[in-house]
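I opened a new notebook page for this model.

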Amino acid sequence: MKLKIAAHGRSCDLALHPVSEKTAKKIEECGSKVYSMKMMNWWRKGKTTTWGMKIDSDCALQVTLDDKPVKFDFSSITKSPVKIRRRLFLESNAKYLAVLGFDNEICRFTWEWDNIKEFDPQKFDFMVHQWDRIMGEDNYFILDDARYEGKFADRNDWCEAQGFTLVPPKVIDLSKVRQEFMQNGELEHQGNPFPTLTEETMRA
């Protein structure tokens, strides 16, 4: 049997990059103009980007077996989000993180597995990031990938893209995030947005 997950909604291509004070200042001074600067072409490169489907009220999900819909609790997708690279950045020497990219490209994602003998929804594993505090939005989930019985899909596809607009770039002040970490212990997904820089704090 063929197992398939289809998601139609808004895809995300977001970067969370450690940046120097010089670059942080340039982002704060220029705002969205940085996207057109040659020096900013790196934002979609490297291992600190997250690309996937935003799981929200605009996302339509369906699971099928041999193209026939099957019952599935879609709330299970967002029950165990990964803790997005928190330790990696907090334990580094980075002072600032830049958030750039887009999160509103209308498109369709699919994952397909072949030769499924029986369907058990408990055998799904989902790689989901939660960026509430990064993006300043509650329940900000990004579905990155899916596995069934521990196996990645035999095929996955991204199609029907209809364009996007870039988010206003911002810079997270890691010194303040580390201070909060020291005071409160483990950071949770929910809470106030992570502290960001402003032109005033850069001049301070």
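**Entry 1: salt bridges.** I began with Arg155, which is partly exposed, with a relative accessible area of 36%. I note that this is a predicted model. The side chain of Arg155 meets that of Asp114 in a salt bridge, at 2.8 Å from N to O. The two are 41 residues apart: Arg155 sits in strand β9 (residues 155–159), Asp114 in the loop between β5 and β6 (124–130).

I then looked up Glu112. It forms a salt bridge with Lys4, with the closest N and O atoms 3.8 Å apart. This pair joins strand β5, which holds Glu112, to strand β1, which holds Lys4, across 108 residues. Are Glu112 and Lys4 buried or exposed? Both are buried. I also found that Lys4, Glu112, Asp114 and Arg155 are linked in a network of salt bridges.

One more pair went on the list. Lys123 and Glu149 meet through their side chains at 3.1 Å, N to O. Lys123 is in the loop between β5 and β6, and Glu149 is in the loop between β7 (141–148) and β8 (151–152). Lys123 counts as partly exposed at 27% relative accessibility. Glu149 is partly exposed too, with a relative accessible area of 41%. I logged the total for the structure as nine salt bridges.

**Entry 2: cores.** The largest nonpolar core has 31 residues, and Leu14, Trp131, Ile134 and Ile172 touch the most other members. Elements that each supply at least two residues include β1 (3–19), α1 (21–30), β5 (96–113) and α4 (174–184). β5 gives the most, with six residues. Another core, of 23 residues, lies apart from it; Phe109, Phe124, Phe141 and Ala146 are among its members.

**Entry 3: helix α4.** I checked which residues of α4 are buried. They are Leu174, Val177, Glu180 and Phe181. Seen down the helix axis, the buried residues of α4 fall within an arc of 120°, so they line one face. Met182 and Gln183, on the other side of α4, are exposed.

**Entry 4: two single residues.** Asp13 is in strand β1. Asp13 is buried, with a relative accessible area of 9%. Beyond its neighbours within four places in sequence, Asp13 contacts residues including Trp43, Arg44, Trp51 and Phe102. Lys45 lies in the loop between α1 and β2 (49–55). Lys45 is exposed, at a relative accessible area of 56%. From C-alpha to C-alpha, Lys45 is 9.6 Å from His17, and the two are 28 residues apart in sequence.

Methods. Residues numbered from 1 in each chain as written. Predicted model: local features only at pLDDT ≥ 70, side-chain atom pairs only at ≥ 80, totals over all residues. Heavy atoms only, no water. Core = buried A, V, L, I, M, F, W, Y, C linked by side-chain atoms within 4.5 Å. Buried < 20%, exposed > 50% of the residue type's maximum accessible area, 1.4 Å probe, protein only. Helix = DSSP H or I, 4+ residues; strand = E, 2+ residues; numbered from the N terminus. Contact = heavy atoms within 4.5 Å. Arc of directions from axis to C-beta. Salt bridge = Lys/Arg side-chain N within 4 Å of Asp/Glu carboxyl O.
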